[in-house]
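Hi everyone, thanks for making time this morning. I'd like to walk you through one model, so please keep the picture in view while I talk.

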Amino acid sequence: MRKGLLVTAILAATAVTATVAAPSLQMPLGPGSLSAAASMMTRTAVIVSLLFVWIVAALAVTLASGREVRYSSIELRSAPLHCFALGLVTVTSFVLTAILFSYLIPYLVGLPLLIALGLFAFLAKIYGMIAVFHAIGTLVAGARSRDDLAQRRWLRGDLAMVLIGVLLLGAIRLIPIAGTVVWSIASVFGIGVALATKFGRREPWFLTWRAAEA
Amino acid sequence: MTDDACQRYTHDPEAHAGHLAVCEKCREIDTALSTVVAHRPISVGALPLAPWEQATYRAWPLVVIGALAVLAIAFALCFAAGISLLRAIVTGMSAAQLRGTITIAADALRRASLIWHVAFGFCFFLVNTVLVLLLRRAPRGIDA
């Protein structure tokens, strides 16, 4: 029953998310003309500039709360399907809630709610992507044994893993269309893991009611 | 040997070490315990690597080199494209397209018939119910 519900939710949310997050078909597919080449150059410059911002943000967050990022990264690697399903449903929920709050803007209450939702979504995306960077960096360049770890000079620690992950995903993002799709999927994973671990704090979102025992 | 002497040895073996020379029963127990401990060598290298081992190590040279390399490439690309780095970052962080899409969807919903309002409310309720159900699951993480 629960698995069936989960699969249905994944399929429904995938359809909505794919519709919202799909790359625009109007983007240049190749440098066929001078203007297309210039457009692609500008696009690459924007992506690499944003990559630098991502590096700064990832290093700052990892330095400030490395343990939380590590916990989220472990969660992402141990339960990827749950994180992805949760990410899809969360993104869908964000979109639907944003539409509802935009609908409520004429009634004044919508604007502060929309701002709060945007802020929460922004924080979830930033934190989650950093956890994804850490997970990718650990999967690709993490030490497999204690001897391997002891031999390493620089390529160890949370900062190095996050940096490797940023650079790898950033390089993939430069690929037209496929890069955008991969980055979007990584964002879904990131938002999912941010919420699954409550931003690395591993606390329950909801308190369970239990009758008091005498 | 008396049980009192054995009990005194059991309570404080180091203070009554001489008891082993006169009590065969205690000597046998001591030999058995020493054998069990001695035959269980702990090889730290063979234990699985924990995720937090060396995790707080800060590889500053790698980080600085990586960040500066990306910054240099970004500067070069921005120079080639004829835009400033700040302008490129602001352009990349703009969420105008998403905002526009949501505004259009909200306007369309406002003009839509009652059945669409009900359908939207049903979708909203369904998705958020699934979200709450998924959020109730405890993270696996380090317990996996």
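**Helix packing in chain A, and the partner chain**

Let's begin with a crossing: helix 5 of chain A and helix 8 of chain A pack with their axes 7 Å apart, at an angle of about 105°. That makes helix 5 of chain A roughly perpendicular to helix 8 of chain A. For the terms, axes are lines fitted to C-alpha atoms, over the stretch in contact for helices, and angles run from 0 to 180 degrees between N-to-C directions. Angles of 65 to 115 degrees count as roughly perpendicular, under 35 as roughly parallel, over 145 as roughly antiparallel, and the rest as oblique. Helices are DSSP runs of H or I with at least four residues, strands are runs of E with at least two, and both are numbered from the N terminus.

Before I go on, a word on what you're looking at. This is a predicted model, where local features need pLDDT of at least 70 and side-chain atom pairs count only at pLDDT 80 or more, while totals for chains, interfaces and linings use all residues. Residues are numbered from 1 along each chain as its sequence is written, and chains are lettered from A and ligands numbered from 1 in the order in which they are written.

Which residues make that crossing? On helix 5 of chain A, they are Ala124(A), Lys125(A), Tyr127(A), Gly128(A), Met129(A), Ala131(A) and Val132(A), and they meet Ala186(A), Ser187(A), Phe189(A), Gly190(A), Ile191(A), Val193(A), Ala194(A) and Leu195(A) of helix 8 of chain A. Being in contact here means that the C-beta atoms of two residues, placed from the backbone, lie within 7 Å. By class, this contact has eleven nonpolar, three polar and one charged residues. Nonpolar covers Ala, Val, Leu, Ile, Met, Phe, Trp, Tyr, Cys and Pro; charged covers Asp, Glu, Lys and Arg; the others, Gly among them, count as polar.

Helix 5 of chain A, residues 110-141, has another partner in helix 2 of chain A, residues 34-64: their axes come within 10 Å and cross at roughly 85°. Helix 2 of chain A and helix 5 of chain A are therefore roughly perpendicular to each other. Helix 2 of chain A brings Ala57(A), Ala58(A), Val61(A) and Thr62(A), and helix 5 of chain A brings Ile126(A), Tyr127(A), Ile130(A) and Phe133(A). Those residues divide into seven nonpolar, one polar and no charged.

Now back to helix 8 of chain A. Its 19 residues should span 27 Å at 1.5 Å a residue, and its end C-alpha atoms are 27 Å apart, which agrees. The expected span is 1.5 Å times one less than the number of residues. Among the buried residues of helix 8 of chain A are Trp183(A), Ala186(A), Phe189(A) and Leu195(A). Buried means that 20 or more other C-beta atoms lie within 10 Å of the residue's own, exposed means 12 or fewer, and partly exposed is in between, with C-beta atoms placed from the backbone.

Next, the segment after that helix. Lys198(A) follows helix 8 of chain A and has a positive phi near 50°. Phe199(A) lies in the segment after helix 8, and its phi is also positive, near 60°. Is Phe199(A) buried or exposed? Phe199(A) counts as buried because it has 20 C-beta neighbours inside 10 Å. Arg202(A) sits in the segment after helix 8 too, with a positive phi of about 55° although it is not a glycine. Arg202(A) is partly exposed, with 18 other C-beta atoms within 10 Å.

Helix 7 of chain A is worth a stop as well: 13 of its 16 residues are buried, so it is largely enclosed by the rest of the structure.

Stepping back, chain A has eight helices and zero strands, and 43% of its 214 residues are buried.

What about chain B? It has seven helices and zero strands, and 12% of its 144 residues count as buried. The C-alpha atoms of chain B fill a box of roughly 100 × 55 × 25 Å along the principal axes.

Finally, the two chains together: 55 residues from chain A and 52 residues from chain B take part in the contact. Helix 4 of chain B gives the most to the chain B side, with 13 residues. That side has 37 nonpolar, nine polar and six charged residues.
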